[in-house]
Amino acid sequence: MTATFMPQHLPRAARDWAEIQERMLVPLYEAVYDRLEVGPHTRLLGLGCGSGLALLLAAGRGAEVTGMDTDEHRLSLARARLLAEPQWGARTYPVRLALGSPTSRTAPEGAPHNLITAFDSRPGAGTLAAAARHADRGSAVVLADWGPAERCAATPALRIATRLAEPQTHTSGWQPRGRDDLENLARQAGLRPDGSGRVSCPFGYADLDSAVRGLLSTGFYAAAVRATDEVQVSKELTEALHPHVRPDGTVWLPNLFRYVIARV
């Protein structure tokens with residue numbers, strides 16, 4: 001993959017997501033793209049596209065790609081990755097990026113789409129329904145989330161986000177999901193579930209510091225940091241991750257993710 005310039009003026013959490021954490025989900029992206037045969041015929045809308053790695057992989061397969069996100073910092077990183085300035089020597093792609101969500105725009109650019117993905121965010125039913133209105137009938141909509149808590153080594157570290165958060169805001173942290181949550185969300189948005197899959201997404205880090213920074217960048221810990229402080233959250237994360245440190249100092253967390261394919 002071509003190296004790209006990451007703007008250093010952006011918040012550390014956004015850069016840590018792009019440089020450390022986002023790549024952990026590549027097996028999920030690739031499994032979905034393989035199953036749906038993403039290629040030059042694909043017109044993809046990525047909801048919650050973050051810093052754009054999933055878009056980059058789809059564009060590399062020849063897909064026409066549009067990305068939307070409500071986080072302007074992550075979207076700036078997506079622009080740097082996908083629409084790099086020529087002097088950096090990186091390849092550019094015909095990608096459209098927009099700040100916001102389908103509910104705040106009349107229509108995402110590049111519509112109609114024939115594939116909608118929500119890999120890195122959990123959109124509400126209203127957002128999914130709004131996006132589906134700009135897709136061809138029968139188009140696939142892919143929703144993804146963590147697999148069963150007992151199949152994810154990161155679960156104890158993720159539970160810290162909920163335990164340390166203030167009671168009134170704990171729902172913004174990580175929450176274990178029910179077996180049919182994704183299918184139910186699809187139905188609420190007026191979509192028809194049409195298959196599912198599970199993908200192994202191990203989280204591998206160079207050291208404990210990288211592991212803590214990567215997990216903090218997910219956004220799950222924002223409420224916990226507000227309720228305590230980043231020092232306390234980092235301390236408890238470090239303790240939770242110690243059992244997963246290997247003899248060479250690297251950290252390895254086997255995890256299982258689940259995705260559902262629904263149809264417009």
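Residues are called buried under 20% relative accessible area, exposed over 50% and partly exposed in between, with a 1.4 Å probe and protein chains only. At 2% relative accessibility, Asp16 counts as buried. The structure is a predicted model, in which local features need pLDDT of at least 70, side-chain atom pairs count only at pLDDT 80 or more, and totals for chains, interfaces and linings use all residues. Residues are numbered from 1 along each chain as its sequence is written, and side-chain values use heavy atoms, with hydrogens and water left out.

The chain has 10 helices and nine strands. These elements are DSSP runs, numbered from the N terminus: helices are H or I with at least four residues, strands are E with at least two. Of the 264 residues, 52% count as buried. Contacts were taken as heavy atoms within 4.5 Å. Among contacts with a separation of 6 or more, 76% come from residues 24 or more positions apart.

Strand S1 covers residues 43-47. Four of its five residues are buried, so S1 is largely enclosed by the rest of the structure. Two strands were taken to pair if DSSP finds at least two bridges between them. S1 pairs with strand S2 (residues 64-69) in the parallel sense, over five bridges. Here Leu44 has Val65 of S2 as its bridge partner. S1, helix H3 (residues 53-60) and S2 make a right-handed β-α-β unit. A crossover is right-handed if, with the strands pointing away from the viewer, the path from the first strand over the helix to the second runs clockwise. S1 also pairs with strand S4 (residues 113-118), in the parallel sense over three bridges. In S4, Ile116 is the bridge partner of Leu45.

Ile116 leads on to strand S5, where its bridge partner is Val141. S4 and S5 pair in the parallel sense over five bridges. The chain crosses from S4 to S5 through helix H5 (residues 125-132), and this β-α-β crossover is right-handed. Nine of the 12 residues of S5 are buried, so this strand is largely enclosed by the rest of the structure. S5 pairs with S9 in the antiparallel sense, over seven bridges. Trp146 stands opposite Phe257 in S9.

Aromatic pairs were examined next. A pair of aromatic rings is described by the distance of the centres and the angle of the planes. Rings of Phe, Tyr and Trp (its six-membered ring) pair if their centres lie within 6.5 Å; planes under 30 degrees apart count as stacked, over 60 as edge-to-face and the rest as tilted. By this rule the count comes to six aromatic pairs. Trp146 and Phe257 form a tilted pair, at 4.5 Å centre to centre and 35 degrees between the planes. Trp146 lies in S5 (residues 135-146) and Phe257 in S9 (residues 256-263), so the pair ties together parts that are 111 residues apart in sequence. Trp146 is buried at 11% relative accessibility. Phe257 is buried at 6%. Phe257 also forms a tilted pair with Phe203, at 6.2 Å centre to centre and 35 degrees between the planes. Phe203 lies in strand S7 (residues 203-205) and Phe257 in S9, so this pair ties together parts that are 54 residues apart in sequence. Both Phe203 and Phe257 are buried. Trp146, Phe203, Tyr205 and Phe257 form one aromatic cluster.

Trp17 has a charged neighbour. Arg74 lies over the face of the Trp17 ring, at 4.3 Å from the ring centre. For such a placement, NZ of Lys or CZ of Arg must be within 6 Å of the ring centre and within 35 degrees of the ring normal. Thr218 touches Trp17, Gln21 and Arg74, not counting residues up to four places away in sequence. Thr218 itself sits in the loop between helix H8 (208-216) and helix H9 (222-227). A polar atom of the Thr218 side chain lies 3.3 Å from the backbone nitrogen of Phe220. Polar contacts are pairs of N or O atoms within 3.5 Å; within protein, one must be able to donate a hydrogen and the other to accept it, and residues adjacent in sequence count only if both atoms are side-chain atoms.

Asp16 belongs to helix H1 (residues 12-21). Asp16 touches Gln21, Arg213 and Ser217, not counting residues up to four places away in sequence. Arg163, by contrast, is exposed, at 54% relative accessibility. Arg163 lies in helix H6 (residues 155-164).
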